[in-house]
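Subject: Handover of a structure and summary of findings

Dear colleague,

Please find below the structure that I am passing on to you, followed by an account of what was found in it. I would be grateful if you could read the two side by side.

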Amino acid sequence: MIIRMFLAYAFIFSVVVGAEENICTLFPNVAQSFSSSGQLVMYGTSLIRQDLDAEFGLGFSIVDWQTHSNSCSNDGVNKFKCYQDLSNKVDKPEDIVLYHENGDLDVYHRTLTLGVDGRCASSNAEQCSYKDLTFESGTLNLKSGTYWFNNISFNGVSKLNIDGSVKMYANSINLNEDSLINNSGSPDDFILKVKGNSSFTGSSKFNALIYGEGGITLSNNVVVQGAMTVKNLELTGNAKLVGDSACFSDVKYDLNISPTTASASGCDRIPLTFSVQDANGVTQTHISGKLEVDVVSTNGHACWAVSGEPNARCMPKSLRNISVIGGQSKLWLGGIGDDIHIKGNFTPDDSGISKLDSVAGPYDFAPLGFRVRGGGPVKMVAGKPETIIFEAVKAVGNGQICKVDNKYEGLKPLVFSNHHVSPSVGTRNPYIDSSEITTSTPLDLVFNSEGYTEFKLTYLDAGKLSIDVAERVLDTAKASDSQQESEHTTVQNHQLKRDGQILVDSRPYTFAICDVKAQDKGKSNAGDAFTYAGAPFSANLKPVIWQTGDKTDSSLIDLSAKDYCARQSTPSFWHPDAPDARVTINNTAQVVTPTGGASASVSGATNQNHTEAINGRYEYPSLSLNNVGTFKLRSRVVDSYLGMTVNRADLPVGRFYPSHFMVTPEFESGVSRSHDSLHQGFTYLGQPFSGVYVITAATTFDTPVSNYHLRSDKAVFDGWVIDPVSGYPYAGTDLTTRWAFTPDPSVGQQGQWKAGENGESEWVIDGQMSIVKDAVPESPFTPLRFAVGAISFDQDNTDFVYCADASKSECEMRVIKPQGSGNPSLSGVQIATDDFYFGRMRIEGFSDTKTPFSEQTLPVAVEVFNGTHFVTNTRDNATIVSTEIGKKDVLFSDNAALQAKIELRDDAKNVVATKSVKEGRADFHVIAPDQSSGLNREQFRYWQQLDKAVNGVVPQTWLQHNWQGTQFDDDPSGIGIFGFYRGSDRVIYKGEKNITLTEE
């Protein structure tokens, strides 16, 4: 019998999550505030509904209905203007405290589950405490537990499903578009506490009890079902708030005991579940409290245990102070004899709920029985025969102490009946030896002189079974003997019938990985090529049975050794009523080839609930790997299944190969952007510039792979430079022979594949480069195009992704290298462009012939050849002039002690040793020779020694010119003259060497 308790509406019922808080004191009605300045504002056709027999008021200090006269409803039809009822205001609880132990969590177009077995857990965190949670048309399943987030944003058609009782804390929530939040669940199962302001909009639906320390706005067609306690609440558009909570509804509750009657051997215990249920038989997971149980029958030979373990202590008759968590508790009843009745009394933690009680029975315990040696469920693998030692036993004293009945021997006629427990239905039955066990299956078994028999038990499915065993015909004489030896049994009228149970827990042998298919093999013609790294491929998991020759333990299985996919599956595994389980593919795939390679990360391998099978298979339609080679996909069951480890299984999949090559170049012009008047950068012919490019093999997602350098066949690359003469693709004169390169010794091996610092396969060129001057001045190259391309391909013909035209992005510009002599041209990817100029430095002289001599300048010009003549390079603000590399050759001087002095000055006219040219020009200042001791004439040549490096001045040999020869290796110089020297009056009849002071 079940006693039902009815709570009238006038009696407020309190929902409790855990024991730390009385939730109903926070949500006494559909909407209220805790603040003395709490405000409710309603616009448009928005509505607040609470189904009651009368109109209701709302607990806000300030109400603003605007022109909204019909703002409330008590039945969805009758609408009225809500009235203010300050008695419904609530006290403010403690401030919300947020925790953020982990980073951001995104649910982008995928399904994610957090929380396992009532504790908040995930694959990367023991506690569900994150920063921002962002949805983009994704689904998040939350198991019972408490969760902390910072900001939560729902976008697209997103779903948040609640499984159990969930409490969530957040800083803010923005609900957009058409999201469904706990749409099919009870609002009482989802308690949300928000610290800051939040906005719910779109056509979303939200089932929860919501507490907000700030303000919450409901707009458009949002529907919130549950209750809201906030500082400020605003409803606009067609938004609706619908009251739905046990806190303010008419409710019934029962204390349900299941099963209400049962039979077992006196050596066994009957598991009983005590649960608080509503009128629809739904367990109220939000209720907790304490349970007391008593044996109330005349036959008091019974006891209680709090564990199903065979050796768990069994307390006589009564048990007190049993915790009820999540609306239920489980106990085990043991005893001896017939007609045992029990009573349960439940006291809720919440004083707003009346005590509940219920009675159940009868429960019968036979003094004679059967049991499996070792006790507990038989742990089996589907398809694998398990040897069962089946003992005849008799209860000693008042039961719970049993021993083997060694007088029970010989051929015994028994009857076996199979019952599917979890799931409660099934298409397959177990076998004892070769006999299928259905309902009332007769079997004759021979028990030995020690009171037991052996047989093979086989079950070709997964789940829980209960096999009832009983004697078909009672041997009265031997039964009487057994009763006499039951050692002072107190049961006088028990019908001596021997029976028992075989409890079976059966698991799949393993999960075969089947139907592995690439959506696109790609461009490779190699026979072993599977698909690109990063490209999607599909696979299915199939739970299969054990077969002869398979492993006898739970170790790892190589799926490539046999055709596991052709085996029978275990259909009960994916039944909705089956034991909870989750299956998945490991997110790491171990490398098979190349030898010594790195593993790959697997994307798309989500955990799937056991009920998510489609036609008996768990589909993974969009897997991808981030590396090249062959790898082992591993199937597994998350955690355990019925306390057993399901064999993990590996299947080699591949070969995965690169989608394409990528190049990361970094070239620095000889004259940087910051020193170029056009802010572009340029380089002189012969001037060193730094150049580095790194080639990597990549996935379809443009991420580098790490095993390519270990392949036996690899692409080989070379670089070239052209002076383009055509549009895209760029082609022109090949200047590669003039591209000089000095590798950086600190980089190590260059020009071959190797593992980089992060393990990624890379081909590196890094060092100092230059374009060598030709024998004659050349027109500007504006620009030269540098490229690198494959000169030998791998077996997959991996190449760069070239642009169809120069306007495209997310591709590489193609640069052609002509081969000549009938050989096909090569295609490469552009890695740099730069303007190159034939340059020189020129110093202009002066002549001051009038006394007194004045200060003069030696103008410096950095010039480039424009195709016809040299002009000042106004782009150059980088070239150095310096007195440190200056050299003064005095050709004539009247007074060696009082010669002219040469100096540099900055823009502030301060004397400096070194400065940069400005728009290609600079001046040396020449202070005239001292005339204090008489006329002091002087003639000199002043040089800039461009090959000299002193005091931080680097050589600038690229600005040398063929001033005095045929090679471009002469430093610039200029002549300065103070005074005039005419020499002696002579008649010159022919050219005479050294006629001038300069000896030229």
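The torsion about the S-S bond of Cys 514 and Cys 565 is about -105 degrees, so this disulfide is left-handed. The two sulfur atoms are 2.0 Å apart. The bond links distant parts of the chain, 51 residues apart: Cys 514 belongs to strand E44 (residues 510-518), while Cys 565 sits in the loop between strand E47 (557-558) and strand E48 (582-585). Cys 514 has a relative accessible area of 1% and is therefore buried, whereas Cys 565, at 22%, is partly exposed. Please bear in mind that the model is a predicted one.

The count of disulfides comes to three. Another of them joins Cys 303 to Cys 314, with 2.0 Å between the sulfur atoms. The link of Cys 303 and Cys 314 is right-handed, with 90 degrees about the S-S bond. Cys 303 lies in strand E27 (residues 302-305) and Cys 314 in the loop between E27 and strand E28 (315-316), so the pair ties together parts that are 11 residues apart in sequence. Both Cys 303 and Cys 314 are buried.

A disulfide is also formed by Cys 803 and Cys 811, whose sulfur atoms are 2.0 Å apart. The torsion here is 105 degrees, and the link is right-handed. Cys 803 is buried because its relative accessible area is 4%, under the 20% limit. Cys 811 counts as partly exposed, at 22% relative accessibility.

Turning to the open space, the largest pocket holds about 1600 Å³. It is lined by 50 residues, and those closest to its centre are Asp 268, Arg 269, Pro 271, Gln 501 and Leu 503. By class, the lining comprises 22 nonpolar, 14 polar and 14 charged residues. Strands that each supply at least two lining residues include E25 (270-277), E32 (356-366) and E42 (463-471). Strand E43 gives the largest share of the lining, seven residues.

Finally, Ser 46 may be of interest. This residue is found in the loop between strand E3 (39-42) and strand E4 (47-49), and Ser 46 is buried, with a relative accessible area of 0%. Its side chain reaches the backbone oxygen of Tyr 43 at 2.7 Å.

With kind regards

Note on methods
Residues are numbered from 1 along each chain as its sequence is written. This is a predicted model: local features need pLDDT of at least 70, side-chain atom pairs count only at pLDDT 80 or more; totals for chains, interfaces and linings use all residues. Side-chain values use heavy atoms; hydrogens and water are left out. Helices (H or I, at least four residues) and strands (E, at least two) are DSSP runs, numbered from the N terminus. Buried means under 20% relative accessible area, exposed over 50%, partly exposed in between (1.4 Å probe, protein chains only). A polar contact is a pair of N or O atoms within 3.5 Å; within protein, one must be able to donate a hydrogen and the other to accept it, and residues adjacent in sequence count only if both atoms are side-chain atoms. On a 1 Å grid over the protein atoms alone, a cavity is a set of points where a 1.4 Å probe fits but cannot get out, and a pocket is an open set with protein on both sides within 12 Å along at least five of seven lines; lining residues have an atom within 4 Å of a point. Grid points are joined across faces, edges and corners, and a volume is the space filled by probe spheres set on the points. Ala, Val, Leu, Ile, Met, Phe, Trp, Tyr, Cys and Pro count as nonpolar, Asp, Glu, Lys and Arg as charged, and the others, Gly among them, as polar. A disulfide is a pair of cysteine sulfur atoms within 2.5 Å.
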